[in-house]
Amino acid sequence: QPLPVESRPFAPYGSVLSIGLPRGPSAGQRLTLEIDYEAGEGPGVCWLAPEQTAGKQKPYMYTQGQAVLNRSFFPCFDTPSVKFTYSATVTVPEGFTAVMSATSWEKQKDNTFVFKMSQPIPSYLIALAVGDIVSADVGPRSRVWAEPCLIEAAKKEYDGVIEEFLTVGEKLFGPYVWGRYDILFMPPSFPFGGMENPCLTFVTPCLLAGDRSLVDVIIHEISHSWFGNLVTNATWGEFWLNEGFTMYAQRRISTEVYGSAYTCLEAATGRALLRQHMDNTGEDHPLNKLRVVIEPAFSVSLGVNPDDTYNETPYEKGYCFVSYLAHLVGDQNKFDAFLQAYVNRFKFQSITADDTLGFFLEYFPELKEKGVESIPGFEFDRWLNTPGWPPYLPDLSPGEQLMKPADELAELWAADTLNMEAIEAVDITAWRTYQLVYFLDQVLQRSPLPEGNVERLSKMYPKISKAQNAELRLRWCQIVLKNNLEAEYSKVKDFLHSQGKQKYTLPLYRAMWGGSEAARALAMETFSATAPQLHVNVQNYVKKILGLEGAE
């Protein structure tokens, strides 16, 4: 029977769909509700013109649900506190393929695809992509999906590695419950490094570096299979439960696969990002707490949009808190066993930090007895509710053997008169990506360098200044801007034309806007040329940085 429906105001990022039931249902009664609706204009659904894809031949569409955007894709309880299974039937035009975050999919006649997700997930993890996409197997339970022009590169970069990471993850955190782990390489405008949609992670094509140097992003997304997707933060105000645990899990897997020196080096670059973020915002900014107040939006003026709370704090400060819990336990094997028990206890549930910390103290009664939750300066309450730099930093000294040479080399390049003999004695040809990234972070911290030094550095290391690796390109562009090296402004422009990842795009616009007149002009020129290919959220964040009218 038809029911009365009305749309009511809720918050700037969505409205309430209010449906009048014929009579009050009783508790536990099941209802079948059919909602006929049309969607497509909202921020959760991204339509790309052919020129915004890698192949430049056919259009593409994808959805991005996290944090609160799937409400514009389908009517739902759009909160991570509610989990459900789903199925979908998707019909697409001839010559296109549909993929979803689902445990099973089959192609039927008339280009119709049927998907089922048999495990309960929160709304933000439902994802759909439609485009000219093909797949290639890279492991017993993994394949890569990409546009035809990228599929060879994707297969080469990921053949065999995913299974290794999954196996280590299972050994550490327990069974992988999602069946397949596939990866979809998105068009260049995709705003994130990766989105951990279950069974089908969406990732930036920037990961196709050609030398497997950026696979740690995949380890991060794989780690979400346990932390985030299986055990989920019940509110976006405690996002660190997803991201802090995932950073910890990522670095545990990385330590097993690549050793602790390399992992500590990667963690040091993460710490540098946290430092940069806190310097930008001020340490006592309310977002620099692990428990962020996202007010219930009872009136439209209230309510922080959870999408605007995205920053380094839940990731890196969250990682420090999880590391602090491990430090309290004092035994890696025991803490690993705790993580497995934690996943097992809360799987398929949405929980709060109180649940997590309560379980920790219950699991380690001897720590509870010692009152570890209220050690002065390190109180759990302080970790959660006081903004600022983490009270405890994990020991990254195993990375020293890789950091020290990079620190020393940066110091040499910052000197008023360059000691070329000492510089030439350092061979960086064998340095892996994160050692180079760490070196560039050190150079950036010491910038602007004395006159002429950056030009010489650029000539000396084409491996850096002409790199195709996105992490190196980002740092090199930041160095170019900080040193106002106008001769290489074209590299900044080219990089921003080549991709639209938020983590690369915003820092460069901030640097340009905080720079010289020429740098500001470059920002305006680049933005007006690339705006149509950016995700709507990223467009708005850039407008805000550039002080453009009508910025939300």
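## The salt bridge between domains 1 and 2

In this predicted model, the side chains of Lys171 and Glu256 form a salt bridge, with a distance of 3.2 Å from N to O. Across the interface of domain 1 and domain 2, the rule finds 1 salt bridge. Polar contacts are also present there: 13 residue pairs are counted between domain 1 and domain 2, both residues at pLDDT 80 or more.

Several elements supply two or more residues to the side of domain 1 that touches domain 2, namely strand S1 (5–11), strand S8 (112–122), helix H2 (161–173) and helix H3 (216–223). Of that side, H2 gives the most, with 8 residues.

## Domains and their interface

The domain assignment of the protein chain gives domain 1 as residues 5–225, domain 2 as 231–385 and domain 3 as 402–546. Between the C-alpha centres of domain 1 and domain 2 there is a separation of 25 Å.

At the interface, 37 residues of domain 1 are in contact with 38 residues of domain 2. The two domains bury about 3,000 Å² between them, and 63% of this area is on carbon and sulfur atoms.

## Helix H3 and His220

Helix H3 is mostly covered, with 8 of its 8 residues buried. These buried residues are Asp216, Val217, Ile218, Ile219, His220, Glu221, Ile222 and Ser223.

His220 has its place in helix H3. With a relative accessible area of 7%, His220 falls under the 20% cut-off and is therefore buried. The side chains of His220 and Gln250 are joined by a polar contact of 2.8 Å. When residues up to four places away in sequence are not counted, His220 touches Glu243, Thr246, Met247, Gln250 and Tyr315.

## Annotated binding site positions

An unreviewed UniProt entry lists a "binding site" made up of Gln64, Gly65, Gln66, Pro191, Phe192, Gly193, Gly194, Met195, Glu196, Lys501, Gln502 and Lys503.

Gln66 is found in the loop between strand S4 (60–63) and strand S5 (83–91). Its relative accessible area is 12%, so Gln66 is buried. Not counting residues up to four places away in sequence, Gln66 touches Tyr124, Met195, Glu196, Trp236, Phe239 and Asp307.

Met195 belongs to strand S13, which covers residues 194–195. Met195 is buried because its relative accessible area is 1%. Leaving aside neighbours within four places in sequence, Met195 is in contact with Gln64, Gln66, Tyr124, Leu125, Phe190, Leu200, Thr201, Phe202 and Glu221.

## Gly131 in strand S9

Gly131 is found in strand S9, residues 128–131. The relative accessible area of Gly131 is 0%, so this residue is buried. Leaving aside neighbours within four places in sequence, Gly131 is in contact with Pro59, Tyr60, Phe96 and Thr97. One of these partners, Tyr60, lies in strand S4 (60–63).

Gly131 and Trp240 are 109 residues apart along the chain, and their C-alpha atoms are separated by 33 Å.

Conventions. Residues are numbered from 1 along each chain as its sequence is written. This is a predicted model: local features need pLDDT of at least 70, side-chain atom pairs count only at pLDDT 80 or more; totals for chains, interfaces and linings use all residues. Side-chain values use heavy atoms; hydrogens and water are left out. UniProt positions are given in the numbering used here, feature names are shortened, and annotations may be inferred rather than shown by experiment. Helices (H or I, at least four residues) and strands (E, at least two) are DSSP runs, numbered from the N terminus. Buried means under 20% relative accessible area, exposed over 50%, partly exposed in between (1.4 Å probe, protein chains only). Contact means heavy atoms within 4.5 Å. Domain bounds come from an automatic or database domain assignment. Buried area is the accessible area (1.4 Å probe) that two parts lose on being put together, summed over both. A salt bridge is a side-chain nitrogen of Lys or Arg within 4 Å of a carboxyl oxygen of Asp or Glu. A polar contact is a pair of N or O atoms within 3.5 Å; within protein, one must be able to donate a hydrogen and the other to accept it, and residues adjacent in sequence count only if both atoms are side-chain atoms.
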